[in-house]
Amino acid sequence: MKDEDYRRLKSGADIRGRAIEAEGQPAPLTPQGAERIGYAFALMLAARQKTTPDKLLIAVGHDARQSGPALYQAFIHGLTDADCDVLDCGLCTTPVMFWAAKQGGADGAAMVTASHHPWYENGFKLVGRDGALSGEEIEALLAAAQDTQPPMRLVKPWDMKEKYLADLRQMVARRMDTQVQCPLLGLHVVVDAMGGAGGFYARFLEELGCEVTGSRGLEPQGRNPQAGQPFDGPQALATISQAVTVNTADMGVLLDADGDRAVIVDGQGRVINGNRLIALISAILLEERPGATIVTDSATSSGLKRFITEWGGVHYRFKRGYQNVIQEAIRLNGEGIDCPLAIETSGHAAFRENGFLDDGLYLATRLACEALLRKREGETLGSLIQELSEPVERAEIRLGVLTEDMRQAAQSVTETILSHTLEDGAWHLAGDSREGVRILFDLEGGVENAWFQLRPSVHEPQLVLSAESDVPGGVRDILGRLYQLIQQERSIDLDPLRSAVR
């Protein structure tokens, strides 16, 4: 594989590409490439930690995809080519591997996964003791992944999952203020692991005393996730919601393929994801830490900002990309700002109390504890977010970039919007517009009750246009204004926007 082909595997702060040939499409992510990437990771991690590869202990795991075992073994070969010792953790979730590097004694960890992306794709999430690799480091690693061959050595099986779960059990004991064997007795949780790597989570909850009747998708399936079926798509959400209500459960947990994201369903079958999930965990944390700052991605709603403010907190919007959000929260804490949570609307959530690990199982378990405490008081998780105001309308449109230089295309259209904002008093630049451009509007006598944001996609050569309105017809109104402004742009495909405002 040529150097430029390796670089195409970069996806934000992860590595990802097609790993199985299908529908006439080649598979650029091969075992040979995985071996070279493993080797390059060992060298980069050694340099980062100012040591030599033979002094490193690296944990490696994989999710349930068909291509996982071959890529996994090849990646391990790459690590042993560099003389690293390896903890062979087998089938597990991304949070387990991140925990291995933070609290499990490993110097670094690698998870073979493509998260929620189609079954025929795969990739790697890489982390060191001091945090995940940045997008720039991933780019450098892929550029360096060229030479190597020696034999595999120093690999031993290691059940990191059980060590991780022991740590999670201790968190439950602290939250419930008890050392009994079954601290969650009296709570009924339906788990849907969707055939991914997180099926063990239902057993874990059962050991803590939960009833898990109605749980599904607990056995790993190599074609999870199905192409075109996102883990949090309408069909999956309807299924977990129905499972909760049919089984009269207190809570539902829907897991991503590698367990780093979760969607929650309350006892009434109401789906809690996106802005609702952020509001829920923010309310819980702000009860414990009044005045705390909650870091989110940039596409969150105006209603969420009001909700966090009304609960006595500070809402801090930052760039999309779970590592961007996490690293910004770490930076703010370093400046003395009380920031206990970094969370994306996609469901990626990292708590300071958990070392800022991106961990859907930790989030779900934290909320299970809260659900049982609320149940004892005759309340539900959903009762915490009754005051969250949600938009009347919302839309997300993806605009393909028609030139090679996506940054230049994004900059051109952003500058056009910013220039117009200076001339048109009806367009207000948001004070926390830290990614792309976010413009606020006052519709029908309201104040800042509609907005759009245009930003570059984290993973694809696209610009993502998000919009919300608190009044009917508002989204079409403000997107129509935007289209009139940028309709002469030739570097992006405006057909989806044109269709939305017709």
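## Exercises on salt bridges and a helix pair

The structure holds 35 salt bridges. The model is a predicted one.

**Exercise 1.** Determine which parts of the chain the salt bridge between Arg16 and Glu460 ties together.

*Solution.* 
Step 1. In the pair formed by Arg16 and Glu460, the closest N and O atoms are 3.4 Å apart; a salt bridge requires such atoms within 4 Å.
Step 2. Arg16 belongs to strand S2 (residues 14-18), while Glu460 sits in the loop between strand S20 (450-456) and strand S21 (462-469), so the bridge links parts that are 444 residues apart in sequence.
Step 3. Arg16 has a relative accessible area of 12%; because buried means under 20%, Arg16 is buried. Glu460, at 34%, counts as partly exposed.

**Exercise 2.** Classify Asp107 as buried or exposed, and locate Asp107 and its partner Arg129.

*Solution.* 
Step 1. Asp107 forms a salt bridge with Arg129, and the closest N and O atoms are 2.5 Å apart.
Step 2. Asp107 lies in the loop between helix H4 (94-102) and strand S5 (108-112), and Arg129 in the loop between strand S6 (121-128) and strand S7 (131-132); the parts they tie together are therefore 22 residues apart in sequence.
Step 3. With a relative accessible area of 13%, Asp107 is buried, whereas Arg129 counts as partly exposed at 44%.

**Exercise 3.** State which helices are joined by the salt bridge between Arg175 and Glu288.

*Solution.* 
Step 1. The closest N and O atoms of Arg175 and Glu288 are 2.5 Å apart.
Step 2. Arg175 lies in helix H6 (residues 160-176) and Glu288 in helix H9 (residues 274-288), so the pair ties together parts that are 113 residues apart in sequence.
Step 3. Arg175 is partly exposed, at 26% relative accessible area, and Glu288 is partly exposed, at 37%.

**Exercise 4.** Describe how helix H13 and helix H14 cross, and which residues make the contact.

*Solution.* 
Step 1. The axes of H13 (residues 406-423) and H14 (residues 474-486) come within 10 Å and cross at roughly 110°.
Step 2. Because angles of 65 to 115 degrees count as roughly perpendicular, H13 is roughly perpendicular to H14.
Step 3. The crossing in which H13 passes H14 is right-handed.
Step 4. H13 contributes Val413, Thr416, Ile417 and His420 to the contact, and H14 contributes Leu482, Leu485 and Ile486.
Step 5. Sorted by class, the contact has five nonpolar, two polar and no charged residues.

Technical notes
Residues numbered from 1 in each chain as written. Predicted model: local features only at pLDDT ≥ 70, side-chain atom pairs only at ≥ 80, totals over all residues. Heavy atoms only, no water. Salt bridge = Lys/Arg side-chain N within 4 Å of Asp/Glu carboxyl O. Helix = DSSP H or I, 4+ residues; strand = E, 2+ residues; numbered from the N terminus. Buried < 20%, exposed > 50% of the residue type's maximum accessible area, 1.4 Å probe, protein only. Axes fitted to C-alpha atoms, helices over the stretch in contact; angles between N-to-C directions. Parallel < 35°, antiparallel > 145°, perpendicular 65-115°, else oblique. Left-handed = near helix turned anticlockwise from the far one by under 90°. Contact = heavy atoms within 4.5 Å. Nonpolar A, V, L, I, M, F, W, Y, C, P; charged D, E, K, R; others polar.
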